[in-house]
Amino acid sequence: MTDVDARKAARDEIKRSVPSNVWLQNDEYIEQLYQQIRQHPISNHPAITALNSSTFGEKALKEIHLEYRHAIVQIFTDALLMAQYQCRQLEPRLVSGQKMFSRFLLTFNVLDEFGFTPDGSPDGSYTGDPNNAHYPLYEKVLSDLGISHEMRENHLPSQVSNQLRECLELSYNDLSDVVALLMVAEEVVVLFSAPLRENVKALGTDIGSGYYYCHGTSSDTQAQADDDTHALDLKYVLAQSLRHEEYERVSKLCVKYCDLWVAFWDLQLNHLLVANTDSKNKHNLPAMVA
């Protein structure tokens, strides 16, 4: 049996499924969109520096994790599975069966999210543990931070957290929209996972395994993550899906989603500032960590 690079094979088949002129136009557009995202203020938000400096204390990190849970963690696999489902929209436009190439590529992300990992065998088989699914791993981080089940259930999400969740959920009915927002979400994960890991670690929480060990870039020596690879996979799926008349709408949607993430982290920094000010006023001491 000949070894096959399954991911490369899927990407190659996706590229072949689209007329070359359409592929070139879509590829150029997506590259421009990607640069726009990377130049957006979310890419150098001051919260990244604050997290890397372990500026946020236990109270602030609890709030961040509850908000992040509502905004994206609880619904990420919903969006991913909706993207797989909405590949059905490709059927009338492509040769029969070619929608499966994007579904195949998205499955790599699904397997990661559900707790499967390559087992290292020559045939590329996977092994898995449902307890290693990313959502349960995130819930364990909350437990490690001392966030009880009651605190999770009683948490009232902020307006921006609700808006982030709604923005992604409203994209479910359109393949290009949901894939584009998932691509942005992966970029946000890449930007903030390592900084969050550093700040959580500063509280004495074990980050040698679990949620923060499987999030970040494939080049991160402190993690076993593939979020940058998944983002590239999503670029291929988007290139198969996109029609020229969708460009403007998709661009506006991605910028809106980035803007909401800026507002999300602005709010977290504002909470930190208020907490530090209150602490300084109370103790008549220099500003302290939240």
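Analyst: The expected span of a helix is 1.5 Å times one less than its number of residues, and a helix here is a DSSP run of H or I with at least four residues, numbered from the N terminus. Please keep in mind that this is a predicted model, in which local features need pLDDT of at least 70 and side-chain atom pairs count only at pLDDT 80 or more, while totals for chains, interfaces and linings use all residues. Residues are numbered from 1 along each chain as its sequence is written, and side-chain values use heavy atoms, leaving out hydrogens and water.

User: How far does α11 reach from its first C-alpha to its last?
Analyst: Helix α11 has 15 residues, and 21 Å is expected at 1.5 Å a residue. Its reach is close to that, at 21 Å.

User: How many residues of α11 are buried?
Analyst: Buried means under 20% relative accessible area, exposed over 50%, and partly exposed in between (1.4 Å probe, protein chains only). Among the buried residues of α11 are His 230, Lys 235 and Ser 241. The helix is largely enclosed by the rest of the structure because the buried count, out of 15, is 12.

User: Which helices do the buried residues of α11 pack against?
Analyst: Contact means heavy atoms within 4.5 Å. By that rule, the partners of these buried residues are α1 (6-17), α2, α6 (99-114) and α10.

User: Where is Glu 246, which touches Ser 241, found?
Analyst: Ser 241 lies in helix α11 and is buried, with a relative accessible area of 2%. Glu 246 counts as buried too, at 3% relative accessibility, and its contacts beyond four places in sequence are Asp 174, Ser 176 and Ser 241. Its place is the loop between α11 (227-241) and α12 (247-283).

User: Within what arc do the buried residues of α2 fall?
Analyst: The buried residues of α2 are Trp 23, Asn 26, Tyr 29, Ile 30, Leu 33, Tyr 34 and Ile 37. They line one face of the helix, because down its axis they all fall within a limited arc, taken from the directions from the axis to the C-beta atoms. The face turned away from them carries the exposed Ser 20 and Leu 24.

User: How far apart in space are Ile 64 and Leu 269?
Analyst: Ile 64 sits in helix α4 and counts as buried at 2% relative accessibility. Its contacts beyond four places in sequence include Phe 56, Tyr 138 and Trp 265. Although 205 residues separate Ile 64 from Leu 269 in sequence, their C-alpha to C-alpha distance is 10.0 Å.

User: At what angle do helix α4 and helix α9 pack?
Analyst: Glu 67, His 70 and Ala 71 in α4 meet Ser 161, Asn 162, Leu 164 and Arg 165 in α9. The axes, lines fitted to C-alpha atoms over the stretch in contact, are 8 Å apart, and angles run from 0 to 180 degrees between N-to-C directions. The angle between α4 (residues 58-71) and α9 (residues 159-169) is about 25°.

Note on methods: Helix = DSSP H or I, 4+ residues; strand = E, 2+ residues; numbered from the N terminus.
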